[in-house]
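Hi,

Here is the structure I said I would pass on.

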Amino acid sequence: MSPLVSLITALALLLYLVLTINVSRYRVKYNVPAPQMTGNQDFERVLRVQQNTLEQLVLFLPVLWLFSFYVSPLWGTGLGVVWLVGRIAYAWGYYQAAKRRVIGFGISSISSLVLLLGSLIGIIWVTIF
């Protein structure tokens with residue numbers, strides 16, 4: 001397997017770590033003590049970015065590896081970069097206002113969908129042929 005797929009995996013996890021650190025920073029900044037999850041809209045948006053990214057990682061990481069194994073590690077890496085860019089755009093937009101998250105969400109969701117569908121096609125292709 002290409003080390004580039006491993007690099008994308010590590011970068012996705014690093015992004016998640018940064019988003020998690022941001023939640024801690026905003027907890028302090030807006031005085032939202034744990035386990036409280038609400039209180040300030042700016043904090044809540046930062047928390048939603050972190051939580052949604054965690055939800056997306058559950059789909060993204062397995063399909064990244066399946067696609068890279070059954071279809072192409074180079075194309076998998078490219079789609080992984082697109083997913084990362086989408087997640088960064090999602091976070092950047094959502095931090096500013098909830099309605100600004102849409103483009104980043106769309107970019108990362110479409111790349112996950114392509115990885116999933118490509119994985120299924122690749123697995124079926126290898127199974128049949």
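**How H3 and H4 pack**

The axes of H3 and helix H4 (residues 102-128) approach to within 7 Å and cross at roughly 155 degrees. That makes H3 roughly antiparallel to H4, a label used for angles over 145 degrees. Axes here are lines fitted to C-alpha atoms, for helices over the stretch in contact, with angles running from 0 to 180 degrees between N-to-C directions. Helices are DSSP runs (H or I, at least four residues), numbered from the N terminus.

Before going on, a word on the source: this is a predicted model, where local features need pLDDT of at least 70, side-chain atom pairs count only at pLDDT 80 or more, and totals for chains, interfaces and linings use all residues. Residues are numbered from 1 along each chain as its sequence is written, and side-chain values use heavy atoms, with hydrogens and water left out.

Which residues make the contact between H3 and H4? From H3 they include Gly76, Leu79, Val82 and Trp83, and from H4 they include Ser108, Ser111, Val114 and Leu115. Contact means heavy atoms within 4.5 Å.

Leu79 lies in helix H3 and is buried, with a relative accessible area of 15%; buried means under 20%, with a 1.4 Å probe and protein chains only. Leaving aside neighbours within four places in sequence, Leu79 is in contact with Phe67, Ser111, Val114 and Leu115. Leu79 and Leu115 sit 36 residues apart in sequence, yet their C-alpha atoms are 7.3 Å apart in space.

Over in helix H4 you will find Ser111. Is Ser111 buried or exposed? At 2% relative accessibility, Ser111 counts as buried. Beyond its neighbours within four places in sequence, Ser111 is in contact with Leu79, Val82 and Trp83.

**The cores**

The largest nonpolar core has 20 residues, and Ala12, Leu57, Phe60 and Leu115 touch the most other members. A nonpolar core is a set of buried Ala, Val, Leu, Ile, Met, Phe, Trp, Tyr and Cys residues joined through side-chain atoms within 4.5 Å. Helix H1 (3-29), helix H2 (41-70) and helix H3 (73-96) each supply at least two residues of this core, and H2 gives the most, with seven. Apart from this core lies another, of six residues, among them Tyr26, Val32, Phe43 and Val46.

Cheers

Conventions: Buried < 20%, exposed > 50% of the residue type's maximum accessible area, 1.4 Å probe, protein only. Parallel < 35°, antiparallel > 145°, perpendicular 65-115°, else oblique.
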